[in-house]
Amino acid sequence: MKIGFYPKLAIDGLRKNRRMTLPYILTCVGMVMMFYIVTFLHYSDSITTMRGGSTMRMFMGLGSVVIGVFACLFLFYTNAFLMRRRRREFGLYNVLGMGKRNIALILFWETLFVAFIALSGGLTAGIVFSKLAELGMVNIMRLNVDYKLTVSWDSVRATLITFGAIFILLLLNSVRQVHFSGALELMKSENVGEKPPRANWALGLLGVIVLGAAYWLAISVKEPISAMLWFFTAVIMVIVATYLIMISGSVLLCRVLQKNRRWYYMPAHFVSTSSMAYRMKRNGAGLASICILATMVLVMISSTSSLFFGSEEALSSRYARDLNIDVRLEKVSDCAVETADMLREAVHGAEKKLGVEESDVIEYRCAMVSGLLKDGVLYPDADEAAENGFSYDDVCDVLFMPLEEYNRLNGTDATLAADEVMTVFRRSKYRYNSFTVEDLGKTFHVSDQKAVFPENGLSAATIADTLLVVLPDFANDLAPLEDRKTMNGYRVLSLRWFYDFNLPETMSAEEKLSVYDNLYPLLSEASSATAVRALTVESLEWNREDFYGTYGGLFYLGIVLSIVFLFGAVLIIYYKQISEGYEDQARFDIMRKVGMTKKEIRRSINSQLLTVFYLPLALAGLHMAFAFPMIRRLLMLFNLTNIGLFAVVTLISYAVFALFYALVYRITSNAYYNIVSEARPE
């Protein structure tokens with residue numbers, strides 16, 4: 001045979017099946033482009049040198065791994081559609097005398113051509129759009145960057161290695177399918193109906209049970225830590241349940257519809273329902289895949305969008321004022337009014353030297369303990385208590401505050417008996433009537449007076465919830481804990497003085513940063529005579545870029561991955577319509593010969609569309625509704641407590657996706673209609 005024989009057959013095969021291969025090739029190009037862009041951002045020197053850039057780079061590295069894994073799984077999935085369509089063609093080659101080795105050579109050249117187009121086109125598009133992507137990401141982070149177009153050879157190498165390996169695996173899988181199939185099996189592969197899964201009632205019931213358990217887990221978790229630990233378990237349960245329900249559910253749905261004679265024996269429903277029953281197993285798997293991808297898109301875009309648009313609120317929650325001073329003291333006796341007066345004078349002296357005036361001051365003394373809280377008893381040594389079977393839900397930070405300090409801070413005149421305390425959690429509700437510290441030798445009754453949690457950025461930043469406990473006799477009540485240490489040698493009690501204030505609104509960001517840079521040395525020198533153990537000064541303006549680096553990185557990664565998953569969903573929908581169109585072509589040809597009009601064909605297609613194709617969208621919405629409480633608690637770990645913002649963004653995301661979903665299905669249903677309404681089957 002001539003040298004160009006196999007390449008020519010490969011090109012002819014791709015060209016004749018362009019309705020199937022062109023979307024596949026374009027998707028490969030898109031996957032390569034997105035992978036290159038994300039890895040380009042990961043290796044970008046411009047991003048790395050920026051404030052908040054290290055966080056962004058970490059997210060982009062994670063994103064490149066996710067895209068690479070998804071591309072491998074998804075291209076295997078879509079390649080199965082192509083092979084199913086091409087198996088008859090390869091069977092014909094085999095009948096005409098072409099051996100399996102020759103067919104493997106055709107597959108080799110086809111894969112080589114597709115890989116060349118995908119890699120060259122994807123890398124070219126990636127290089128062209130990489131700078132635009134970098135500018136978009138930097139704009140999200142509110143930073144500046146140069147406009148010089150560069151090529152990241154590290155990204156090119158990573159892209160070639162990743163997708164080169166994927167295409168090799170695709171080739172081996174295609175050769176395997178042809179090698180282990182006989183000529184007759186290949187010829188009739190498109191006409192072989194799929195058997196319904198066995199024990200479909202049991203599988204469907206199992207899916208409902210697993211999904212119900214996942215939903216219960218999502219709505220029953222009350223603490224952010226538990227939400228973080230159980231989230232991925234719930235995700236796996238939802239994925240498994242969705243496939244079980246969709247595969248078995250499509251079987252059951254078709255049987256129920258077929259038993260309903262009034263509904264089934266109508267021109268608009270008869271053909272579509274019998275067609276769905278013919279391929280019910282694969283039909284359900286495709287619908288489940290679309291549902292999972294839709295849910296992933298909705299979860300990512302709604303959560304990351306909420307974080308990004310709520311970043312200023314989260315920033316203000318973490319840093320209560322422009323400048324936040326945190327002083328750690330040595331002893332309980334040091335945490336007194338006299339020490340606070342000296343420290344306050346030191347701050348005022350530093351402000352005078354810097355020529356600035358403070359406003360909106362928040363000042364208070366307190367003690368903090370990190371431990372485990374269970375049934376109203378605080379165990380200060382978390383490591384020791386954890387050995388006795390405590391759960392992560394019991395992790396808690398406790399902020400002790402003197403009664404007189406609480407009254408001064410809030411302008412109240414609350415009173416407490418010697419054995420009473422006031423309590424309030426920052427995020428949840430204290431449900432016990434008493435409060436005890438292990439080995440303290442004293443149990444306090446919880447007062448009926450409602451306490452107010454003070455503004456505290458550290459509590460907003462911690463994963464665990466924080467409990468405020470207002471003590472009637474601060475010094476004496478906490479004295480037994482002063483020298484106590486954990487089993488690892490750390491001090492249990494952390495004595496603090498917080499002093500947060502705003503700078504004049506007329507000051508620019510650069511001026512505020514200048515005050516921040518000069519305040520710490522002045523305070524450190526002025527407070528050296530007091531019992532200061534450690535001094536920390538935090539600036540809202542200085543940390544703004546880090547916040548936008550984190551939330552902007554998550555938002556950008558959410559957009560990129562959503563686009564990738566949308567590629568997947570659209571291609572699954574398209575191939576589902578095209579492959580089913582070719583399978584149904586002969587049936588509709590027969591129906592047309594016995595009198596079915598094109599209008600009735602269109603009505604039958606619409607019936608099929610409304611019967612099953614909107615199930616993934618509806619189930620994805622149900623998944624989001626039950627996942628909402630768990631995701632909301634996860635967002636609390638990022639200081640996002642605005643439930644209304646998350647709810648509105650989620651609803652908008654679902655509405656936009658539903659519109660996009662309907663548009664895609666309308667377009668692809670036209671492709672299905674064009675195939676089945678042709679004069680004769682292909």
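Helices here are DSSP runs of H or I at least four residues long, numbered from the N terminus; in this predicted model, leucine 73 sits in one of them, helix α4 (residues 53–95).

View 1. Why does leucine 73 count as exposed? Its relative accessibility is 59%, and the cut-off for exposed is over 50%. As background, residues three or four places apart on an α-helix point the same way, because the helix has 3.6 residues a turn.

View 2. By the ring-pairing rule, the model has 17 aromatic pairs. In the one shown here, phenylalanine 35 and phenylalanine 163 are 5.6 Å apart centre to centre, with 80 degrees between the planes. The pair links distant parts of the chain: phenylalanine 35 belongs to helix α2 (residues 18–43) and phenylalanine 163 to helix α6 (residues 153–179), 128 residues apart. Buried or exposed? Phenylalanine 35 is buried, at 5% relative accessible area, and phenylalanine 163 is buried too, at 0%. Elsewhere, ring pairs join Phe108, Trp109 and Phe113 into a cluster.

**View 3. The largest nonpolar core takes in 102 residues.** Which residues have the most contacts inside this core? They are Tyr24, Phe163, Phe167, Phe565, Tyr575 and Met630. Helix α20 (residues 540–593) supplies the largest share of the core, 18 residues. Zoom in on methionine 630 and, leaving aside residues up to four places away in sequence, you find it touching Leu217, Ala218, Val221, Ala227, Trp230, Phe231 and Ala234. There is also a second, separate core of 46 residues, which includes Phe400, Leu471, Leu495 and Leu523.

**View 4. Glu312 and Arg544 pair up across the sequence.** This is a salt bridge between side chains, 2.4 Å from N to O. Glutamate 312 is in helix α13 (residues 311–318) and arginine 544 is in helix α20, so the bridge ties together parts that are 232 residues apart in sequence. Glutamate 312 is partly exposed, with 31% relative accessible area, while arginine 544 is buried at 19%. The structure has 14 salt bridges.

**View 5. A salt bridge joins two strands through Arg496 and Asp326.** The side chains of arginine 496 and aspartate 326 come to 2.6 Å, N to O. Arginine 496 is part of strand β9 (residues 494–502) and aspartate 326 part of strand β1 (residues 323–329), so parts 170 residues apart in sequence are tied together. Both arginine 496 and aspartate 326 are buried.

View 6. Within helix α16 (residues 403–410), the buried residues are Leu403, Glu405, Tyr406 and Asn407. What do they pack against? Their partners are β2 (359–374), β4 (395–402), β5 (420–425) and β8 (465–471). Arginine 365 and glutamate 404 form a salt bridge here, with the closest N and O atoms 4.0 Å apart. Arginine 365 lies in strand β2 and glutamate 404 in helix α16, so this pair ties together parts 39 residues apart in sequence. Arginine 365 is buried, at 4% relative accessible area, whereas glutamate 404 is partly exposed at 47%. A network of salt bridges links Arg365, Glu404, Glu405 and Arg408.

Definitions and conventions. Residues numbered from 1 in each chain as written. Predicted model: local features only at pLDDT ≥ 70, side-chain atom pairs only at ≥ 80, totals over all residues. Heavy atoms only, no water. Buried < 20%, exposed > 50% of the residue type's maximum accessible area, 1.4 Å probe, protein only. Contact = heavy atoms within 4.5 Å. Phe/Tyr/Trp six-rings, centres within 6.5 Å; stacked < 30°, edge-to-face > 60°. Core = buried A, V, L, I, M, F, W, Y, C linked by side-chain atoms within 4.5 Å.
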